[in-house]
Amino acid sequence: MKRRSVDIGVMKPVQSGFKKTKGEFALVGDALLLARAADLNSDFEQINPYCLEDSLTPRIAAELAGVKIDPDLIMESFNKLKKKHQFMIVEGAGGILAPLTDRLLMADLIVMMGMPVIIVARANLGTINHTLLTINYARNRGLNIAGVVISSNSPEKEIAENTNPGLISELGGVPLLGIIPYLDELRQKDIIQAVDDSLNWEIVVTYLREVKSKQDSNLVQKDRKYVWYPFTQMKDWVSGNQIIIERGEGTFLIDIDGKRYYDGVSSLWLNVHGHRRAEIDRAVSAQLGKISHSTMLGLSHRGAIELAEKLVERAPDGLEKVFYSDNGSTSVEVALKMAFQYWQHKNVKNKNKFLTLTNAYHGDTIGSVSVGGIDLFHQIFHPLLFKTIKAPSPYCYRCIFQKEPDSCGFACIDATEELMSRNHEELAAMIIEPKVQGAGGIIVQPPGYLSRIRELCTKYNLLLITDEVATGFGKTGKMFACEHENISPDFLTVSKGITGGYLPLAATMVTGEIYDAFLADHRERKTFFHGHSYTGNPLACAAALANLEIFARDNIMEKLQPKIVYLSDKLKNIANLEHVGEIRQSGFMVGIELIRNKKTKEPFPIEEKRGVKACLAARNKGMIIRPLDDVVVFMPPLSTEPEELDEMIDILYQSIVSVGDDN
Ligand SMILES: Cc1ncc(COP(=O)(O)O)c(C=O)c1O
């Protein structure tokens with residue numbers, strides 16, 4: 001590269017088996033070879049941050065030397081060198097799966113650096129298997145493979161050495177960049193000459209040009225040019241500084257510049273066990289190796305069947321059948337259509353309306369918007385929606401009956417009963433987000449509310465649909481929110497956390513009574529004519545099964561309980577702030593309502609966007625959260641450790657303080 005006038009920077013992040021001596025050229029071993037080849041005689045600390053004496057795999061060599069390999073330090077050095085040079089060559093150590101620490105493999109470092117990989121393989125017998133395994137693993141980790149270089153390791157050429165390189169290239173689907181002949185002595189000059197003579201420079205240069213042009217292409221500009229984001233005023237988006245996420249790690253999101261952020265809303269209420277959870281990664285990879293999608297219209301597959309069994313075992317009693325779809329809105333859509341059709345089959349033709357709550361959110365398709373109750377999102381679509389009957393939301397902090405929770409006598413329930421008693425002949429079902437109305441502002445229902453709703457639905461012959469798209473899979477402190485009051489609905493919808501936040505999947509679970517009403521001879525037209533292309537996708541089912549397995553094996557719900565108490569305790573400081581009206585918490589779902597006046601509960605003028613500003617402040621301090629108007633939502637993954645919670649709540653506190661009137 002150097003001979004071709006390319007300004008090349010080099011790095012050997014970790015090497016073992018060499019002892020560093022203080023000298024004029026303070027590099028040794030491979031690092032020295034690299035630096036000399038590239039004609040570099042400065043930045044030695046950055047070129048080789050870790051040099052370990054024992055000739056062992058880096059993790060062990062470091063442990064024996066009492067050294068802690070710090071990936072942040074490696075990345076800092078890498079970024080400095082990268083800024084200085086046109087191209088970088090980083091030499092690995094011990095192969096792609098070589099461990100650098102107890103949590104970091106060589107492959108992780110390559111992912112962090114975002115570099116394409118050149119695999120160097122030997123030529124003789126056995127190399128096909130090794131090299132193809134390396135190629136496979138690199139691909140699974142999403143790495144770009146620039147090609148394979150064969151380095152001959154013996155002077156005699158057996159047949160295998162002539163045939164292996166071609167086979168590796170063919171079977172691995174990667175270009176062969178060249179075959180470097182065996183050298184008796186490793187003299188720098190000879191090595192460089194041998195590489196120069198043997199590499200296919202046309203492939204190398206074309207590839208590097210492509211990589212460079214991809215790196216240079218401005219993602220931010222392309223983003224502004226091509227993408228339209230959900231629930232986003234694009235006028236603001238295109239003028240703002242947006243974060244582009246490249247990868248995740250446990251509780252962290254990491255952007256294309258390597259900056260780390262706490263994921264304070266579990267990637268919009270989905271992520272349960274953290275990002276890159278090994279068991280779920282493996283389950284999805286294993287399924288990829290079998291089939292990625294097979295329709296459920298006319299065929300079945302193992303994952304869908306096994307997952308249905310597990311969901312039925314885990315869900316509230318009485319829910320016996322699982323109907324799959326692929327997002328929360330469709331799971332609600334399915335429940336609404338099924339509830340309507342159920343009454344048609346029962347010959348109760350006028351039961352065709354739904355009772356819903358104000359402040360409800362059930363998704364964005366027309367049916368789910370019809371049963372929603374958030375004017376900001378739903379008002380504009382009014383002419384398109386079917387009519388529903390709206391009961392008052394149990395929003396105790398802003399009780400429309402002007403009552404206090406301890407003495408209200410459930411005025412909102414009385415009003416709901418009144419609506420049921422007047423309209424039950426027309427009402428097919430009531431739909432409710434149990435325990436917490438999420439998008440309405442994390443409105444937590446008072447104890448006893450949910451069981452009263454269940455009783456009333458039974459009394460007035462309404463089906464009960466509990467939408468657990470947001471609350472399901474542990475977020476309220478119970479696996480399903482219905483468990484807080486031991487109720488069983490007629491329909492239960494789930495999505496978001498069902499795959500641990502990995503892949504789109506949803507399910508509408510129903511009782512045997514509902515299912516049976518659809519059983520008939522084909523000519524009776526009682527089939528449920530509904531289904532989506534990606535219904536019950538096998539990859540998503542594999543992720544969901546692994547997700548449920550972690551819940552069971554690791555006693556997640558049990559372990560969560562002390563963390564919930566810890567979280568409540570930590571939130572007290574925030575509750576005391578003058579511009580915080582109320583903190584509502586159910587398990588790991590937290591809503592912090594910002595207000596202008598604590599006594600009168602006067603809200604801030606909407607145009608002041610205090611919630612948005614608090615979330616921007618949090619982002620600048622390293623945590624992603626998202627507001628619902630002036631309710632700041634905090635919903636970390638259930639896997640978040642107490643020390644992480646400490647830091648996250650610290651950021652939350654400072655961010656909220658920063659949008660008070662005193663600042
Ligand atoms: C309670 C509830 N139902 C339904 C939905 C819609 O889910 P999706 O966005 O997957 O369509 C949401 C999304 O936030 C939700 O909170």
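Which strands does helix α24 lie across, and at about what angle does the helix run to β10? Helix α24, residues 642-658, lies across β9, β10 and β22, and its direction makes an angle of about 95° with β10. Please keep in mind as you look around that this is a predicted model.

**The chain as a whole**

- The protein chain has 24 helices and 24 strands in its secondary structure.
- Its C-alpha trace spans about 95 × 70 × 45 Å along the principal axes.
- Of the 663 residues in the protein chain, 49% count as buried.
- Among contacts in the protein chain with a separation of 6 or more, 70% come from residues 24 or more positions apart.

**Surface and charge**

- Four strands form an open sheet in the order β8-β9-β10-β22, and their pairing is mixed.
- At the edges sit β8 (245-249) and β22 (623-624), each of which pairs on one side only.
- Strands β8 and β9 (residues 252-255) run antiparallel and are joined by four bridges.
- To find one of these pairings on screen, go to arginine 247, whose bridge partner in β9 is isoleucine 254.
- Strand β10 covers 260-263, and helix α24 lies across this strand as well as across β9 and β22.

- Serine 266 is not a glycine, yet its phi is positive, at about 50°.
- This serine 266 belongs to helix α12, which covers residues 266-269.
- Is serine 266 buried or exposed? Serine 266 counts as buried because its relative accessibility is 1%, under the 20% cut-off.
- Asparagine 461 is another residue other than glycine with a positive phi, here near 60°.
- You will find asparagine 461 in the loop between α19 (449-459) and β17 (463-467).
- Asparagine 461 has 44% relative accessibility, so it counts as partly exposed.

Technical notes. Residues numbered from 1 in each chain as written. Predicted model: local features only at pLDDT ≥ 70, side-chain atom pairs only at ≥ 80, totals over all residues. Heavy atoms only, no water. Pairing = 2+ DSSP bridges. Helix = DSSP H or I, 4+ residues; strand = E, 2+ residues; numbered from the N terminus. Contact = heavy atoms within 4.5 Å. Axes fitted to C-alpha atoms, helices over the stretch in contact; angles between N-to-C directions. Buried < 20%, exposed > 50% of the residue type's maximum accessible area, 1.4 Å probe, protein only.
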